[in-house]
Amino acid sequence: MSKIHVTTTVNGDATEFLCDPRETLLDVLRDRLSLTGAKEGCGTGDCGACSVTVDGRLISSCLMLAAEAEGKEIGTVEGIATGEELHPLQRKFIEHAALQCGVCTPGILVAVKNLLERDPDPTEQQVRYWLAGNLCRCTGYDKIIRAVMDAAAEMRGAA
Amino acid sequence: MRYHTPESFEDASAIAAGAEGVTRYLAGGTDILVQMRSDIVTPDDLIDIKHIVGVKEIARSDDGGWRIGAAVAGAELGEHDGVGADWPGVVEAMELVGSTQVQGRATLTGNLCNASPAADSVPAMIAAGATVSVTGPDGPRKIAVEDVPTGPGQISLVRGEVVTAVNLPARGPGGGDAYLRFTPRTEMDIAVVGCGISLTRDGDTITSARVALGAVAPTALLVEAAAAALVGGTLDDGALDALAAAAEAACNPIDDKRGTIRFRTHVAGVLARRVAKIAYDRAGGAK
């Protein structure tokens, strides 16, 4: 089977890869580009662990073919921190112990960062609805929501 | 599997018409990728329509309605002020589909052509009087949304035909629409029953109406008897009773884990009453 050549941008870096037509963006991020932050939870778009942004739009990378990434700008959890300096969301997740096993965490970070870029001052209800497709089986969500609200407040203060 | 990226719908149609195996179109992919992964569908040819100019556009049509490109995602539709002002019921129905992540990709056209009886946007589009534009080997045509699904997973398009856009008619004065569904959870669930209603008012009197039900039959239903119960009246208790009775009478649901036949039939009447009130208030100028 002939491979497809894709030119794209991942976390601001120009990136090229070859992929099979059936490979998902998630497969390529993890297996060809060694960006293993996005996780495969369900593979059917239900759990949100594979969340990334494509041209600024939040999507499930298991529900997009890698070949569709041609010319797109991909954002993953690996692009959230600035070098060694954690993003406020990442710091607040640690402070609030908003994770246990951590499998859902990269997807949730990508999702809420995208929300806060659209709305820096969301209500708790907005955050909960935004994250309805990000499943966490450890925390019960309350700590996640507290961490997001706290990070949003800090980011508004810093702006 | 061959992955195609045609740059026109004529080319997309020609690829599909000339293909011999299993062919699928790819827009948002939120259904087809799940089906491919679980080996429900194994396409020989997958035709990605997103390289075609205009598929991501929402534009005013000449008749004052809206033309929504086949690859416009739910989130993009929801962020568009014009469509939401004219057809809030269609937009709220599409926004009920899946998660934020799914909204980033899923399309009205895909929700229709996947042909799930429970698809949320379909009753709302039927109520709105929406059509789809289709390109095919015999040229372009328009099909009413209610004539697209023919059964679960089945649509009336022939080989080589492809949906290019959804067309919503001009809203005109005194119009309002709404959609509600029943689900045990508020998010991330599939409709047990869905109901879309669009109507127009002249003062307090309803001058036209369309009522559609989802998840109570093999396809979404346009229920003309339910609309007839509304037209000419002012949505008094008698009209609401007649509406609910007509909605219940149209139901032909299955018994499954989401709801029994009896429950679904009852809920269809309850939702029809609620949706009619919202559409009526919106037609009267309420936001």
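Analyst: The following dialogue takes up domains, chain contacts, helix packing and strand pairing in turn. Please keep in mind that this is a predicted model.

User: Let us begin with the domains. Into which domains is chain A divided?

Analyst: Chain A has domain 1 (4-79) and domain 2 (88-158). Their centres, taken over C-alpha atoms, are separated by 21 Å. Between them, 15 residues of domain 1 of chain A are in contact with 11 residues of domain 2 of chain A.

User: Which element gives the most to the side of domain 1 of chain A that touches domain 2 of chain A?

Analyst: That element is strand β3 (residues 51-54) of chain A, with three residues. By class, this side of domain 1 of chain A holds seven nonpolar, seven polar and one charged residues.

User: How is chain B divided?

Analyst: In chain B, domain 1 is written in two segments, 2-116 + 131-168, while domain 2 covers 175-283. The C-alpha centres of these two domains of chain B lie 25 Å apart. The contact between them involves 13 residues of domain 1 of chain B and 13 residues of domain 2 of chain B. On the domain 1 side, α5 (88-95) and β8 (149-151) of chain B each supply at least two residues, and the largest share, five residues, belongs to α5(B). That side of domain 1 of chain B divides into seven nonpolar, four polar and two charged residues.

User: How does the pair α2(A) and α3(A) read by the approach of the axes and their crossing?

Analyst: Helix α2 (residues 88-95) of chain A and helix α3 (residues 105-118) of chain A have axes that come within 10 Å and cross at roughly 130°. That angle makes α2(A) oblique to α3(A). The crossing of α2(A) past α3(A) is right-handed. A:Leu89, A:Gln90 and A:Phe93 of α2(A) make the contact with A:Thr105, A:Leu109, A:Val112 and A:Lys113 of α3(A). By class, four nonpolar, two polar and one charged residues take part in it.

User: Let us turn to strands. Which strands are joined to β3(A)?

Analyst: To read a strand, one asks about its partners and their direction. Four bridges join β3(A) to strand β4 (residues 57-60) of chain A, and the two run antiparallel. In this pairing A:Ser51 stands opposite A:Ser60. The two strands form a hairpin with two residues between them, and A:Asp55 in the turn has a positive phi of about 50°. β3(A) also pairs in the antiparallel sense with strand β5 (residues 73-75) of chain A over two bridges. There, A:Val54 has A:Ile74 as its bridge partner.

User: In what order do the strands of the open sheet in chain B stand?

Analyst: The order of this four-stranded sheet is β11-β12-β13-β14 (chain B), with antiparallel pairing. β11 (175-182) and β14 (221-222) of chain B stand at the edges with a single partner strand each, so one side of each has no neighbour in the sheet. Eight bridges join β11(B) to strand β12 (residues 193-202) of chain B, and B:Ala178 stands opposite B:Ile197 in β12(B). α8(B) packs on this sheet, touching β11, β12, β13 (205-214) and β14 of chain B, and its direction makes about 20° with that of β12(B).

Terms used
Residues numbered from 1 in each chain as written. Chains lettered and ligands numbered in written order. Predicted model: local features only at pLDDT ≥ 70, side-chain atom pairs only at ≥ 80, totals over all residues. Domains from an automatic or database assignment. Contact = placed C-beta atoms within 7 Å. Nonpolar A, V, L, I, M, F, W, Y, C, P; charged D, E, K, R; others polar. Axes fitted to C-alpha atoms, helices over the stretch in contact; angles between N-to-C directions. Parallel < 35°, antiparallel > 145°, perpendicular 65-115°, else oblique. Left-handed = near helix turned anticlockwise from the far one by under 90°. Pairing = 2+ DSSP bridges.
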